[in-house]
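Subject: Structure for your review

Dear colleague,

Please find the structure below, followed by an account of what was found in it. I would be grateful if you would read the two side by side.

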Amino acid sequence: MIFSIPSVITKQEIAKITSSLAEGEFTDGKLTAGWHAKLVKNNQQLSKQTTLGKQLSEQVQSALNRNNLFQTAVRPKSIHSILFSRYDVGMSYDRHVDNALMNNGRMWRTDVSFTIFISSPSEYKGGELVIEGADEEKSYKLEAGSAIIYPATTLHRVNPVTQGTRFVAVGWVQSLVRSASDREILFDLETARRVIFTRDGKTAEFDLISKSIANLLRKWAEV
Ligand SMILES: O=C(O)CCC(=O)C(=O)O
Ligand SMILES: [Fe+2]
């Protein structure tokens with residue numbers, strides 16, 4: 001399931017992040033890419049070890065942790081390896097798949113990838129995130145503060161920026177529920193139970209769906 005979350009980061013936060021990034025120390029993005037992704041990765045990244053890098057990562061983590069849609073659809077065990085990337089004119093990240101495992105203090109699996117757009121679409125040209133499906137590709141360029149969430153299993157790319165600068169925060173999630181199709185079943189059941197609750201309250205149907213959600217989570221969750 002590919003989905004977007006509008007305004008996961010508020011406008012005020014975006015303004016602060018943008019002015020911090022202007023002062024930030026950026027290094028070659030190839031430093032954090034796997035050997036084949038290095039061949040196609042041409043961007044810059046905020047140094048992770050700096051106070052600013054750590055502080056901004058924590059800000060992204062807490063924004064995602066307070067977001068209901070993200071929690072319900074992704075069921076994160078760990079939101080990890082957050083990076084702030086910068087694409088100036090001519091920079092891009094050509095077709096690649098993200099590493100299955102990332103070492104960020106400890107080894108985490110990447111079930112879900114996300115991009116949070118920091119720059120607004122009017123600030124740069126090109127720079128679309130393009131995600132390949134079985135027989136079509138889809139292109140995303142969202143408002144500042146909005147996020148696109150997609151399975152880490154996909155081939156994807158960032159088109160060359162032809163004008164301006166594109167800042168994004170990217171990161172990965174190890175989910176409690178490894179399988180994307182299992183996560184989708186839980187998400188649909190959760191959505192249905194909320195609709196029933198809002199419309200009719202805690203009915204017998206609501207109780208049965210709640211029981212199914214709890215029991216599927218017992219089957220599927222890796223804690
Ligand atoms: O910048 C983006 O939207 C995605 C970048 C990407 O694919 C990556 O960092 O692995
Ligand atoms: Fe990627």
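In which sense do E5 and E16 pair, and over how many bridges? E5 and E16 pair in the antiparallel sense, over 9 bridges. Strands (E, at least two residues) and helices (H or I, at least four) are DSSP runs numbered from the N terminus, and two strands pair if DSSP finds at least two bridges between them.

Two remarks on conventions come first. Residues are numbered from 1 along each chain as its sequence is written, while chains are lettered from A and ligands numbered from 1 in the order in which they are written. The model is predicted: local features need pLDDT of at least 70, side-chain atom pairs count only at pLDDT 80 or more, and totals for chains, interfaces and linings use all residues.

Domains

The chain is divided into domain 1 (3-175) and domain 2 (180-220), with bounds that come from an automatic or database domain assignment. Their C-alpha centres lie 31 Å apart. In the contact between them, 5 residues of domain 1 meet 4 residues of domain 2; two residues are in contact if their C-beta atoms, placed from the backbone, lie within 7 Å.

The sheet

An open sheet is formed by 7 strands in the order E1-E13-E9-E16-E5-E4-E2, with antiparallel pairing. Strand E1 (3-5) and strand E2 (26-28) stand at the edges with a single partner strand each, so one side of each is left without a neighbour in the sheet. Direction ignored, neighbouring strands are turned by 30 degrees against each other on average; axes are lines fitted to C-alpha atoms, for helices over the stretch in contact, and angles run from 0 to 180 degrees between N-to-C directions.

Within this sheet, E9 (residues 112-117) pairs with E13 (residues 147-151) over 5 antiparallel bridges, and threonine 115 stands opposite isoleucine 148 in E13. E9 also pairs with E16 in the antiparallel sense, over 6 bridges; here phenylalanine 117 has valine 168 of E16 as its bridge partner. Helix H2 (residues 51-65) lies across E4 (44-46), E5 (76-87), E9 and E16, and runs at about 125 degrees to E5.

Strand E16 and arginine 166

E16 is mostly covered, with 10 of its 10 residues buried. A residue is buried if 20 or more other C-beta atoms lie within 10 Å of its own, exposed if 12 or fewer, and partly exposed in between, with C-beta atoms placed from the backbone. Both faces of E16 are covered: one side carries Arg166, Val168, Val170, Trp172 and Gln174, and the other Phe167, Ala169, Gly171, Val173 and Ser175.

Arginine 166 is found in E16 (residues 166-175) and counts as buried because it has 28 C-beta neighbours inside 10 Å. Leaving aside neighbours within four places in sequence, arginine 166 is in contact with Tyr87, Ser119, Tyr124, Gly127 and Val161. An unreviewed UniProt entry covers Arg166 with the annotation "binding site"; UniProt positions are given in the numbering used here, feature names are shortened, and annotations may be inferred rather than shown by experiment.

Two serines with positive phi

Most residues other than glycine have a negative phi. Serine 7, in the loop between E1 and helix H1 (11-23), has a positive phi of about 45 degrees. Serine 7 counts as partly exposed because it has 16 C-beta neighbours inside 10 Å. Serine 81, in strand E5, has a positive phi near 55 degrees and is buried, with 22 other C-beta atoms within 10 Å.

Yours sincerely
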